[in-house]
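Trainee: I am new to this structure. Please pick a single part, look at it closely, and then connect it to the rest.

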Amino acid sequence: MDISYPPETEAFRAEVTAFLAERLPAGWHGIGALDEDAAWAFARDWRTRLAERRYLSVAWPEQYGGRGLSKLHQVVLMEELARAGVPFGLPQDTFGVKMLANTLLRWGTEEQKNHFLPRILSGEDTWCQGYSEPGAGSDLASLTTRADLDPDTGEWVINGQKVWTSGAQHCDWIFVLARTDRDAPRHRGISFLLVPLHQPGVEVRPFRMMDGRPHFNEVFFTGARTRADLVVGGVDNGWAVAQSLLGVERGEEAATNPILFKAEVERLIELARLYGKDQDPVIRQRIAWCWSKVEIMRYLGYRVLTGWLKGAQPGPESSVSKLFWSEYHTKVTDLAMDIMGMHAQIPAGRPPLRTYRTDDPGAANSSASWSTTYQIAFSGTIYAGTSQVQRNILAEKVLGLPREPRA
Ligand SMILES: Cc1cc2nc3c(=O)[nH]c(=O)nc-3n(C[C@H](O)[C@H](O)[C@H](O)COP(=O)(O)OP(=O)(O)OC[C@H]3O[C@@H](n4cnc5c(N)ncnc54)[C@H](O)[C@@H]3O)c2cc1C
């Protein structure tokens with residue numbers, strides 16, 4: 001079954017392909033074909049080009065620097081970027097452009113939207129996510145970082161610790177969940193605060209992952225401060241705001257991820273050819289399994305997209321996509337390791353810029369690219385809600401099964 005898009009989105013597709021043809025150098029083989037320094041230089045410059053053209057904000061209202069187009073236009077854009085092997089922004093844009101901007105569009109005050117959205121688009125402000133704490137991951141509502149209003153200055157004073165904060169060492173701002181009413185029930189009395197990172201009360205300590213890179217950080221708040229009006233969605237209403245952000249994180253990818261997974265599985269087939277494994281019946285069967293899962297994700301994505309176009313907010317069903325893609329991804333990268341055999345143990349070439357997928361043309365023969373993605377893939381079953389937690393959500397909220405016994 002093929003699905004056609006309405007004529008206005010096809011006109012937009014023509015605009016995007018013309019832009020790509022004009023901007024990309026002759027003989028372009030995708031960012032995966034560049035060495036590491038060249039790839040980063042390209043990605044930074046490319047982000048500027050996308051922002052200028054308002055391609056980073058296709059579906060935002062025009063008054064905040066968007067194009068005022070639909071989510072379907074956004075999907076068309078993602079399809080063409082994936083086809084051309086160019087990234088949609090820099091890795092940290094996941095937090096600023098995708099999560100926070102969408103959250104501000106729904107919950108922010110006019111002042112917050114007018115101030116922050118253009119700065120997110122220009123890349124002037126970069127953002128990270130301060131949700132998890134040493135004692136609060138899956139059970140986020142047990143967070144203990146607190147924020148109190150200082151009656152003298154009218155500012156929030158923040159004390160506590162966050163952990164697993166991706167990219168904080170490179171960012172200017174953090175959105176923080178903090179307890180603002182300690183007497184309220186667990187899910188109430190939490191606020192969503194916008195906090196500048198460069199101040200004396202904040203200490204960011206990076207720590208290294210098994211691939212040697214310092215991706216994560218601990219962030220310590222000791223009397224850190226932020227302005228009283230930098231609370232999003234109202235004081236003590238942070239749980240609702242946080243949930244809608246997680247919905248964006250889980251739901252928006254349902255429509256655009258399959259496009260990138262499709263590009264990745266095509267690279268996998270190229271990899272099998274390169275290693276002379278494309279006639280191996282077991283490998284062929286496993287590739288076919290991967291291909292079929294990507295197709296299922298594509299139709300699942302269309303369903304989520306249809307919901308969006310009708311104005312639905314991502315709900316518990318976005319857990320289906322999260323669970324499906326993250327577990328699929330551990331399998332497809334595992335297959336890449338088997339195809340490469342011992343070569344996978346001696347990673348050569350460069351790892352992918354967006355460490356979560358090997359979807360750049362030209363990256364197929366980089367064993368470093370596949371090995372890094374293999375190592376990272378498992379984390380997809382943890383961040384944005386673990387597989388076990390997604391299964392609980394699906395069991396309880398979608399299937400209506402009895403609630404898990406709580407301690
Ligand atoms: C790559 C990556 C990037 C991340 N980036 C960020 C970030 O930028 N900002 C941020 O705030 N956080 C970030 N996180 C943290 C992430 O949100 C947490 O790791 C996640 O919520 C799980 O929490 P935890 O690690 O404390 O594990 P825990 O909640 O302690 O869970 C441990 C194990 O117990 C299981 N478990 C827990 N509760 C249940 C239950 N009720 N039923 C069944 N099983 C259960 C879990 O599934 C898991 O297997 C990131 C994590 C990763 C891996």
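Mentor: A helix here is a DSSP run of H or I at least four residues long, and helices are numbered from the N terminus. The model is a predicted one. The part I pick is helix α8, which covers residues 318-340.

Start with the length of α8. The helix has 23 residues, and at 1.5 Å a residue these should span 33 Å. The expected span is 1.5 Å times one less than the number of residues.

Next, the neighbour of α8. Two packed helices are described by the angle between their axes and the distance between the axes. For α8 the partner is helix α7, residues 281-309: the two axes come within 10 Å and cross at roughly 155°. An angle over 145 degrees counts as roughly antiparallel, and α7 and α8 are therefore roughly antiparallel to each other. The crossing in which α7 passes α8 is left-handed.

Helix α4 (residues 93-107) and helix α5 (residues 110-122) have axes that come within 10 Å and cross at roughly 165°. These two helices are therefore roughly antiparallel to each other, and α4 passes α5 in a left-handed crossing.

Now the wider setting. The protein chain is divided into domain 1 (7-122), domain 2 (127-236) and domain 3 (245-398). The centres of domain 1 and domain 3, taken over C-alpha atoms, are separated by 21 Å.

Last, the ligand. Domain 2 and domain 3 each give at least three residues to the shell around the ligand. Among the contributing elements, β1 (127-130) and α10 (387-398) each supply at least two residues. There are 18 residues around the ligand, and Y131, G137, S138, T386 and Q388 come nearest. Sorted by class, the shell has six nonpolar, eleven polar and one charged residues.

Methods
Residues are numbered from 1 along each chain as its sequence is written. This is a predicted model: local features need pLDDT of at least 70, side-chain atom pairs count only at pLDDT 80 or more; totals for chains, interfaces and linings use all residues. A residue is near a molecule or strand if its C-beta atom, placed from the backbone, lies within 6 Å of it. Ala, Val, Leu, Ile, Met, Phe, Trp, Tyr, Cys and Pro count as nonpolar, Asp, Glu, Lys and Arg as charged, and the others, Gly among them, as polar. Domain bounds come from an automatic or database domain assignment. Axes are lines fitted to C-alpha atoms, for helices over the stretch in contact, and angles run from 0 to 180 degrees between N-to-C directions. Angles under 35 degrees count as roughly parallel, over 145 as roughly antiparallel, 65 to 115 as roughly perpendicular and the rest as oblique. A crossing is left-handed if the near helix is turned anticlockwise from the far one by less than a right angle, and right-handed if clockwise.
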